[in-house]
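Here are a few exercises to work through with the model open beside you. Try each task before reading its solution.

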There are 2 protein chains.
Amino acid sequence: MAGILYLIPAPLDENLAQIEHIPEATLQIARTLTHFVVEHAKTARAYLKKVETALPLQQLSLQTLNKHTQDNELAALLQPLLDGTNVGLLSEAGCPAVADPGAQLVALAHRHNIKVVPLVGPSSILLAVMGSGLNGQRFSFQGYLPANNDDRTKTLKQLEIYSRQNKETILFIETPYRNQAMLDSLLSSLNPATRLCIAVDLTCPEEQIRTLTVGEWKKQSAPAFHKRPALFLFLAN
Amino acid sequence: MAGILYLIPAPLDENLAQIEHIPEATLQIARTLTHFVVEHAKTARAYLKKVETALPLQQLSLQTLNKHTQDNELAALLQPLLDGTNVGLLSEAGCPAVADPGAQLVALAHRHNIKVVPLVGPSSILLAVMGSGLNGQRFSFQGYLPANNDDRTKTLKQLEIYSRQNKETILFIETPYRNQAMLDSLLSSLNPATRLCIAVDLTCPEEQIRTLTVGEWKKQSAPAFHKRPALFLFLAN
């Protein structure tokens with residue numbers, strides 16, 4: 001009988017220390033596992049230490065799946081499942097298979113009729129939608145926008161039209177050291193009446209979530225978000 | 001000093017009994033609160049009983065915010081926050097202010113510079129994206145699609161084109177007794193190569209998550225999803 005692929009969320013803080021944000025039901029399953037597929041072994045070990053797995057840390061099998069993993073390496077990651085072993089998929093922070101390479105393994109598991117069980121835990125994407133007060137009935141996560149200034153401006157203007165036509169909240173992330181550049185692009189590209197939310201350091205003591213119109217943001221100082229994990233959300237009206 | 005608006009997720013099962021899916025950090029804050037804004041008082045009370053609030057259930061203030069709430073009634077819901085009392089916003093199941101009317105109160109809180117703190121908990125939307133193996137780098141939640149057959153077919157075909165062009169996973173919900181009708185529409189509207197995930201009863205013992213191509217689904221029997229909460233996700237290629 002094949003194993004089950006469990007998708008195990010991790011805390012959002014950089015030390016993965018906030019185990020109190022992981023539900024007991026998730027921890028209970030994670031503790032029983034002996035095989036994990038992880039994005040980075042070092043941070044995964046720090047998290048699994050907090051989880052207190054039944055098996056000692058050094059006896060766990062940790063395989064890596066990240067953006068450098070080739071398609072032909074995925075079969076080896078699936079093998080323990082085919083052999084009947086349950087496997088836990090971990091992301092660097094937050095929910096695996098969302099905004100990370102883990103979805104490839106989940107897709108392969110489905111093709112082999114392996115049972116996939118996503119477990120409850122923190123997602124900065126979902127927390128940002130909740131906290132923004134923007135439309136939560138329709139929203140889209142766009143990953144990273146183009147880094148090039150002209151392309152980014154063009155994309156933002158297109159997304160703003162789409163948001164207005166569909167009453168859809170648009171959200172995306174940015175490499176933390178580029179947060180100020182992204183805010184500059186947003187303020188120069190979007191309509192002053194468009195509502196813009198910036199969500200920084202979600203679930204952490206320094207958490208900031210602020211929704212203002214673009215016109216209001218222009219009169220405000222930027223949030224303290226340099227090199228901090230941030231999400232940007234907007235809804236055009 | 002103004003109060004804080006906490007957004008408190010609830011379990012996804014119909015009895016709101018799965019308190020083990022709510023992280024300790026969320027429970028700790030929920031227990032301290034005396035004022036709640038809820039979608040339905042009866043189910044909220046059942047959940048708050050499980051939460052074990054510090055104040056006895058009958059002494060809690062429960063105000064209702066649902067789809068019948070008028071804009072001019074929102075100010076009264078905000079008042080305790082302006083008066084300095086922390087308030088918990090609860091949804092019927094899952095995360096408040098996502099696919100429910102709670103976002104209106106969050107938006108009003110932002111306009112009054114009230115601090116908004118979203119707490120971690122179950123979201124069927126995010127669990128479905130994780131479990132689908134479809135693209136988690138770009139996805140959009142579309143709420144409910146049109147109920148009328150012709151409109152729905154037209155919308156599905158438009159969304160499929162958008163999904164193909166943008167490599168974006170499309171997800172939506174349906175009124176549970178219409179799940180079979182939705183599946184029929186999907187199978188007759190979408191390209192056979194489009195991958196379709198159906199996620200039913202998430203976090204519950206009866207959970208089913210299956211991703212197949214539309215062509216494969218046509219040869220399969222439908223999942224046991226009549227009158228069960230289900231999400232539909234697809235990604236065109």
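The exercises below concern a predicted model, and each one is followed by a worked solution.

**Exercise 1. Find how helices H6(A) and H7(A) are oriented to each other, and which residues make their contact.**

Step 1: Locate the two helices in chain A, H6 at residues 149-166 and H7 at residues 179-189. Their axes come within 10 Å and cross at roughly 50°.

Step 2: Classify the angle. Angles under 35 degrees count as roughly parallel and 65 to 115 as roughly perpendicular. H6(A) and H7(A) are therefore oblique to each other.

Step 3: List the contact residues. H6(A) contributes Asn149(A), Arg152(A), Thr153(A), Leu156(A) and Lys157(A), while H7(A) contributes Ser185(A), Leu186(A) and Ser189(A). Sorted by class, they give two nonpolar, four polar and two charged residues.

**Exercise 2. Describe how domain 1 of chain A and domain 2 of chain A sit relative to one another.**

Step 1: Domain 1 of chain A covers 4-118, and domain 2 covers 124-235.

Step 2: Take the separation: the C-alpha centres of these two domains lie 29 Å apart.

Step 3: Look at the contact, to which domain 1 of chain A and domain 2 of chain A give seven residues each. On the domain 1 side, three are nonpolar, three polar and one charged.

**Exercise 3. Work out what chain A brings to its contact with chain B.**

Step 1: Count the residues: 43 come from chain A and 43 from chain B.

Step 2: Find the elements of chain A that give two or more residues. These are helices H1 (24-32), H4 (103-111) and H5 (124-132), together with strands E5 (115-118), E6 (139-144) and E9 (208-213).

Step 3: Check for strand pairing between the chains. E6(A) and E6(B) pair in the antiparallel sense over three bridges. Within this pairing, Phe141(A) has Phe139(B) as its bridge partner.

**Exercise 4. Trace the five-stranded open sheet of chain B and find its edges.**

Step 1: Read the strand order, E3-E2-E4-E1-E5, with parallel pairing.

Step 2: Identify the edges. E3 (61-64) and E5 (115-118) of chain B each have a single partner strand, so one side of each is left without a neighbour in the sheet.

Step 3: Note the twist, which averages 25° from one strand to the next.

Step 4: Zoom in on one pair. E1(B), residues 4-8, and E4(B), residues 87-90, pair in the parallel sense over four bridges. Here Tyr6(B) has Gly88(B) as its bridge partner in E4(B).

Conventions: Residues are numbered from 1 along each chain as its sequence is written. Chains are lettered from A and ligands numbered from 1 in the order in which they are written. This is a predicted model: local features need pLDDT of at least 70, side-chain atom pairs count only at pLDDT 80 or more; totals for chains, interfaces and linings use all residues. Axes are lines fitted to C-alpha atoms, for helices over the stretch in contact, and angles run from 0 to 180 degrees between N-to-C directions. Angles under 35 degrees count as roughly parallel, over 145 as roughly antiparallel, 65 to 115 as roughly perpendicular and the rest as oblique. Two residues are in contact if their C-beta atoms, placed from the backbone, lie within 7 Å. Ala, Val, Leu, Ile, Met, Phe, Trp, Tyr, Cys and Pro count as nonpolar, Asp, Glu, Lys and Arg as charged, and the others, Gly among them, as polar. Domain bounds come from an automatic or database domain assignment. Two strands pair if DSSP finds at least two bridges between them.
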